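Here is a friendly briefing to read with the structure open beside you.

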Amino acid sequence: MKAIGYKENLPIEDKNSLQDIELKTPKARGKDILVEIKAISVNPADYKVRAGMPVEGDDWKVIGWDATGIVKEVGEDVSLFKVGDEVWYAGDFTRQGSYAQYQVVDERIVGKKPSSLSFPEAAALPLTSLTAYEMLFDRLQVSKDDASKSILVIGAAGGVGSILVQLAKKLTKLNIIGTASREETTAWLKDLGADAVINHRNKLSEEFEKYNLPAPDYIVSLNATEQHADEIVKVIKPQGRFGFIDDPKTFNIMPFKLKSVSTHWEFMFTRSMFQTEDMIEQHHILNKVSSLIDNGTIKTTLGENFGIINAENLRKAHAFLETGKAKGKIVLEGF
């Protein structure tokens, strides 16, 4: 099968950072299904792993954690899917990824693809939807019916933010404050349902004062957490809840003590990586999101389609994603 992989951690400008390769097609065993991949999307996790995770031995490392496709084979213990089903998923951090024509994945972290979306439109959503849903309802345990509470989403115009804002708008009564720094991304967030948008290039506390915004009960930081940490402490409501997903080099939790703020780190791969007893929750979440899309409650966060799935186009996608200027998700489709 065709695949795209790497053997060395190289800058994306190097042609060997991602290469077109041929690998043996895997077989489905146990609870695994074999999926013929139709479309994928790229995430910050992709370039972070490509640049920083060494490859053991002489094997190729195939990354990618967002895919849509068709079930071609099922393991002997599979009960949720059958051959021919259209599926979507974000995969498992410990296994080979979706930059390939075929991939095996545990059925418990796979959902039914939204029937109203094309394969590339749907590919934009699995990882970000799982991350956003888990952050809101598993980590922060936001109040769904309390209209007096508000949430601040830092870096809200990116992949995770674009779906988190929609989920918060449609599934809760929260007042939603997003951050963006460009006219284009500000308009994007307002279209997705943000009640207010402030500029994260300015001090958050000054923006809150300028627009007379209430102290948020919840804050989600999706990037540059280290840069915003002091301001987050200033604006968050006492006894608030703070969650983040990025990888700050240092993070001092002590300033949160005076406000009794609880801190939550969301890592979407935890359930599959540790085979948790509630691993199947990701199957349920993906099916919930699929239904929300098919009934028109939320929409795809597809930003740009970079063409067919090959090393050249993936290098371009990684390079653009590394600029931090992406709006929505970058997808690729077909081989």
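## How the helices pack

Helix 4 packs against helix 5 (residues 183-192) at an angle of about 30 degrees, and their axes are 9 Å apart. Angles under 35 degrees count as roughly parallel, so helix 4 is roughly parallel to helix 5. Please keep in mind that this is a predicted model.

**Helix 4 with helix 5**

- The crossing of helix 4 and helix 5 is right-handed.
- On the helix 4 side, the contact uses Ser162, Val165, Gln166 and Lys169, which meet Trp188, Leu189 and Leu192 of helix 5.
- Sorted by class, this contact of helix 4 with helix 5 has four nonpolar, two polar and one charged residues.

**Helix 3 with helix 4**

- Helix 3 (residues 126-139) also packs against helix 4 (residues 159-171), here at an angle of about 50 degrees and with the axes 8 Å apart.
- That angle makes helix 3 oblique to helix 4.
- Helix 3 and helix 4 cross in a right-handed way.
- Helix 3 brings Thr128, Ser129, Thr131, Ala132, Tyr133, Met135, Leu136 and Phe137 to the contact, while helix 4 brings Gly159, Val160, Ile163, Leu164, Leu167, Ala168 and Leu171.
- The contact of helix 3 with helix 4 counts eleven nonpolar and four polar residues, and no charged ones.

**Helix 3 with helix 9**

- Helix 3 has a further packing partner in helix 9 (residues 281-294), at an angle of about 105 degrees and with the axes 10 Å apart.
- Since 65 to 115 degrees counts as roughly perpendicular, helix 3 is roughly perpendicular to helix 9.
- Pro126, Ser129, Leu130, Tyr133, Glu134 and Asp138 of helix 3 meet Gln282, Ile285, Leu286, Lys288 and Val289 of helix 9.
- By class, the contact of helix 3 with helix 9 divides into six nonpolar, two polar and three charged residues.

**Helix 7 and its surroundings**

- Several residues of helix 7 are buried, namely Thr225, His228, Ala229, Glu231, Ile232, Val233 and Val235.
- These buried residues of helix 7 pack against strand 8 (150-154), helix 6 (204-210), strand 11 (218-221) and strand 12.

## The nonpolar cores

- In soluble globular proteins, nonpolar side chains tend to be buried together.
- Which residues touch the most other members of the largest nonpolar core? In this core of 82 residues, they are Tyr99, Leu189 and Leu314.
- Helix 3 supplies the largest share of this core, with seven residues.
- Beyond its neighbours within four places in sequence, Tyr99 is in contact with Ala3, Ile4, Leu18, Ile40, Val42, Asp46, Val62, Ile63, Gly64, Leu314 and His318.
- There is also a second, separate core of 17 residues, with Leu204, Ile236, Phe242 and Val261 among them.

**Gly240**

- Gly240 sits in the loop between helix 7 (225-235) and strand 12 (241-244).
- Is Gly240 buried or exposed? Its relative accessible area is 4%, and under 20% counts as buried, so Gly240 is buried.
- Gly240 and Lys259 are 19 residues apart in sequence, with 7.7 Å between their C-alpha atoms.
- Not counting residues up to four places away in sequence, Gly240 touches Asp217, Lys259, Ser260, Val261 and Ser262.

**Gly91**

- Gly91 lies in the loop between strand 5 (86-89) and strand 6 (102-106).
- With a relative accessible area of 3%, Gly91 is buried.
- The C-alpha atoms of Gly91 and Asp106 are 7.9 Å apart, and the two residues are 15 residues apart along the chain.
- Leaving aside neighbours within four places in sequence, Gly91 contacts Trp65, Val105, Ile109, Phe269 and Ser272.

**Gln141**

- Gln141 is not a glycine, yet has a positive phi of about 50 degrees.
- Look for Gln141 in the loop between helix 3 and strand 8.
- Gln141 has a relative accessible area of 51%, and over 50% counts as exposed, so Gln141 is exposed.

**Asn212**

- Asn212 has a positive phi of about 55 degrees, although it is not a glycine.
- Asn212 belongs to the loop between helix 6 and strand 11.
- Asn212 is exposed, with a relative accessible area of 69%.

Note on methods:
Residues are numbered from 1 along each chain as its sequence is written. This is a predicted model: local features need pLDDT of at least 70, side-chain atom pairs count only at pLDDT 80 or more; totals for chains, interfaces and linings use all residues. Side-chain values use heavy atoms; hydrogens and water are left out. Axes are lines fitted to C-alpha atoms, for helices over the stretch in contact, and angles run from 0 to 180 degrees between N-to-C directions. Helices (H or I, at least four residues) and strands (E, at least two) are DSSP runs, numbered from the N terminus. Angles under 35 degrees count as roughly parallel, over 145 as roughly antiparallel, 65 to 115 as roughly perpendicular and the rest as oblique. A crossing is left-handed if the near helix is turned anticlockwise from the far one by less than a right angle, and right-handed if clockwise. Contact means heavy atoms within 4.5 Å. Ala, Val, Leu, Ile, Met, Phe, Trp, Tyr, Cys and Pro count as nonpolar, Asp, Glu, Lys and Arg as charged, and the others, Gly among them, as polar. A nonpolar core is a set of buried Ala, Val, Leu, Ile, Met, Phe, Trp, Tyr and Cys residues joined through side-chain atoms within 4.5 Å. Buried means under 20% relative accessible area, exposed over 50%, partly exposed in between (1.4 Å probe, protein chains only).
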